[in-house]
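Here is a short report on the disulfides of one protein. Look at the model first, then read on.

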Amino acid sequence: MRFLGRTCLIVLSLLPAVSTQRDGSSITGSDQPLIASPGEGVILPCQITPSLSAVDMEVRWYRENIRVPVHLYEDQKDQTGVQDSDYRGRTALSILRLEEGILSLKLTNLRPSDSGVYSCYATDGVWDGQGKTELIVRVLGTHPSISMVSTQGEQTRLVCRSEGWSPEPEVIWRDRDGNNVTSLSNTTVQRDSQGLLSVSSYIKIKQQSNVFSCLVAEVKHQNQTGNPNSTYPVSITCLWIEPD
């Protein structure tokens, strides 16, 4: 009995060593956003480091709701029955890469509505980890148009409109001297059935200020670390000159 007790103690003392080895692994995504266009395909990067086979793990890709997966791999196969219907037939994991701890997801036939942050989660029932990757499906909108709206009893407005953007653009107003007067404007954004955004911005004008420009530009993006990303140089300007 005394011998058995010592044997049991030795076995138990070995268990934490296995758990500690797995606790040393973590999951990483991408700290830079991926930028693509509608109809294209991308690989959303995600991996376990140091490398650890994920063939026998649950691997779950999702956006806002973990219960509605973009892609779910469990019991060594893809579980398409619980997949978000918007992604059905457009996602794939590589089984060979899972053996290397690569959890990257292939997403095809991109749509503007696919833009957002994707979470990559994996667990073996004891160990788990999660990484994030941001995707931006980029669409340049229409040339902005400016119109003048006069309502009885109210100050005249200049209205600048543009549609078909992804992601949301920035609207900048300038007066005849080039001063930024955007703080005096009011801007609204609407999303259409295809996930594209339309912007409408107005500014109240005075009789002595008869030259205005409306610039619609892609916002300089910030990555997940908070650092600015200057990948978006595109802007479209429309000039309004009211006859004297």
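Number the bonded cysteines of the protein chain in sequence order, and the pairing reads 1-2, 3-4. A search of the whole structure finds 2 disulfides. A disulfide here is a pair of cysteine sulfur atoms within 2.5 Å. In general, such a link is a covalent bond between the sulfur atoms of two cysteines.

This is a predicted model, in which local features need pLDDT of at least 70, side-chain atom pairs count only at pLDDT 80 or more, and totals for chains, interfaces and linings use all residues. Residues are numbered from 1 along each chain as its sequence is written, and side-chain values use heavy atoms, with hydrogens and water left out.

| Disulfide | Sulfur atoms apart |
|---|---|
| Cys 46 and Cys 120 | 2.2 Å |
| Cys 160 and Cys 214 | 1.9 Å |

Take Cys 46 and Cys 120. Their link is left-handed, with -85° about the S-S bond. The pair joins distant parts of the chain, 74 residues apart. Cys 46 sits in the loop between strand S3 (42-44) and strand S4 (47-49), while Cys 120 belongs to strand S10 (residues 116-123). Helices (H or I, at least four residues) and strands (E, at least two) are DSSP runs, numbered from the N terminus. Both Cys 46 and Cys 120 are buried, meaning under 20% relative accessible area; exposed is over 50% and partly exposed in between (1.4 Å probe, protein chains only).

Now Cys 160 and Cys 214. The torsion about their S-S bond is about -75°, so this disulfide is left-handed. Cys 160 lies in strand S13 (residues 157-165) and Cys 214 in strand S17 (residues 211-218), so the pair ties together parts 54 residues apart in sequence. Cys 160 and Cys 214 are both buried.
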